[in-house]
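Please read it alongside the sequence and the model.

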Amino acid sequence: MIMEKSLNVAVVGAGYWGKNLVRNFAGAKRCSLKYICDLDEKILAAQKKNYPNITVTADLDAVLKDKALDAVVVSVDVPAHFEVAKRALDAGKHTYVEKPLTLNAADAKLLIETAKKKNLKLMVGHLLEYHPAVNYIKELIGSGKLGTLYYMYTQRVNLGIIRQNENAWWSLAPHDISVICYLFGSEPVSVSARGQCYLQPGIEDVVFATVKFSDGKIANIHCSWLDPNKIRKMTVVGSEKMVTFDDMEASEKIRIWDKGAAIKKDTAATYPEIISLRFGDIVIPKIPSSEPLSIECAQFIDGILDDKPILTDGNDGLKVVQILQAGQKSLRNNGQPVNPQEV
Ligand SMILES: NC(=O)c1ccc[n+]([C@@H]2O[C@H](COP(=O)([O-])OP(=O)(O)OC[C@H]3O[C@@H](n4cnc5c(N)ncnc54)[C@H](O)[C@@H]3O)[C@@H](O)[C@H]2O)c1
């Protein structure tokens, strides 16, 4: 019997989000979670209780020296992403980094270069690109059923988690930006963002940002941790149909609205005859309920073991970082548009 190769993985950072990655990699097929590494002894003790057979340690150097270790999953605080990911790549390990990849485009480019030179996979945790509902919309767009894609907007608001080392834009918008770029598939050319700091100086609690694309598409992102409602919603508007994706809905996450407006070509007609509005059916398709995080983890494992391209690779991470950086610059300049290629 041929033994199938299994990937030896370490998760670095097992805090609020990292523990989900630990759970997924510990249970994933073709994978053996060898280490859980964190600087916090309490977190290590809790993980040891859950996973007595996995080595828990605060010593990242010792983890990286293990020649049998294939891959490192980085879920530390965002400012430490670059340093930990660079050390992992330098040590010859395939590397997964939580979103956003880095705090600036230069660091993201350096990680991409290092991975390329060493022939290693670099993946970013753009979770929503693995969401079955997002992929359903992607297929709808591809099938042409929405018609010409016009614009979309996203709302990611709630009360908390209020971060101290990043603003709501950096903390919440990466997911929306990655989905917008994924669905549109076109080049972002300007970002204009306005926001306000109420709770902590210099840290925006609420941000409204507009991203324009080279082909005329436009997207608006509203993110906040200071809001009465928990909303996780996206609206995509096409010339033929419109789609909403509500991630707070348990089962009816997607609605396809057969609604639209058109201007008649008949120049003899006068308003209101010149405009035709269409109010058709609303369709609620069945979406598979698979956990996006387990699909994402499988993509990392299979990408390495089968040497397959990774959807959310370093370049995908770089694009999101460039938009984040452009938005940050715009926030500091009263909403002036900034080209993400020039940050
Ligand atoms: N995909 C998602 O939906 C999602 C949701 C929340 C957070 N995140 C991402 O997950 C990452 C972690 O966020 P969090 O909310 O879990 O933060 P957290 O503060 O709860 O956890 C970070 C952990 O990293 C540890 N750590 C820091 N530096 C370290 C180092 N050098 N070596 C080892 N351990 C180290 C800390 O001790 C802490 O336990 C961030 O990148 C964040 O953007 C993703």
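## Thr 114

With a relative accessibility of 10%, Thr 114 counts as buried, a label that applies under 20% relative accessible area, with exposed meaning over 50% and partly exposed in between (1.4 Å probe, protein chains only). Thr 114 lies in helix H5, where helices (H or I, at least four residues) and strands (E, at least two) are DSSP runs numbered from the N terminus. Once its neighbours within four places in sequence are set aside, Thr 114 is in contact with Lys 86, Leu 89 and Asp 90, contact being heavy atoms within 4.5 Å.

## Basis of the values

This is a predicted model, in which local features need pLDDT of at least 70 and side-chain atom pairs count only at pLDDT 80 or more, while totals for chains, interfaces and linings use all residues. Residues are numbered from 1 along each chain as its sequence is written, and side-chain values use heavy atoms, with hydrogens and water left out.

## Helices H5 and H9

The axes of H5 (residues 105-117) and H9 (residues 314-332) come within 9 Å and cross at roughly 175°; axes are lines fitted to C-alpha atoms, for helices over the stretch in contact, and angles run from 0 to 180 degrees between N-to-C directions.

On the H5 side the contact is made by Ala 105, Ala 108, Lys 109 and Ile 112, and on the H9 side by Gly 314, Asn 315, Leu 318, Val 321, Gln 322 and Gln 325. These residues divide into five nonpolar, four polar and one charged.

## Helix H6

The twelve residues of H6 (residues 132-143) should span 16 Å at 1.5 Å a residue, which agrees with end C-alpha atoms 16 Å apart; the expected span is 1.5 Å times one less than the number of residues. Just after H6, Gly 144 takes a positive phi of about 85°.

The buried residues of H6 are Pro 132, Ala 133, Val 134, Ile 137, Leu 140 and Ile 141. Among the elements covering them are strand S7 (149-159), helix H7 (168-184) and helix H8 (292-305).

## The whole chain

The protein chain holds nine helices and 14 strands. Its radius of gyration is 22 Å, close to the 20 Å that the globule rule gives for 343 residues, so the chain is as compact as a globular protein of that length; the radius is taken over C-alpha atoms, and the rule is 2.2 Å times the number of residues to the power 0.38. Of the 343 residues, 50% count as buried.

Key:
Ala, Val, Leu, Ile, Met, Phe, Trp, Tyr, Cys and Pro count as nonpolar, Asp, Glu, Lys and Arg as charged, and the others, Gly among them, as polar.
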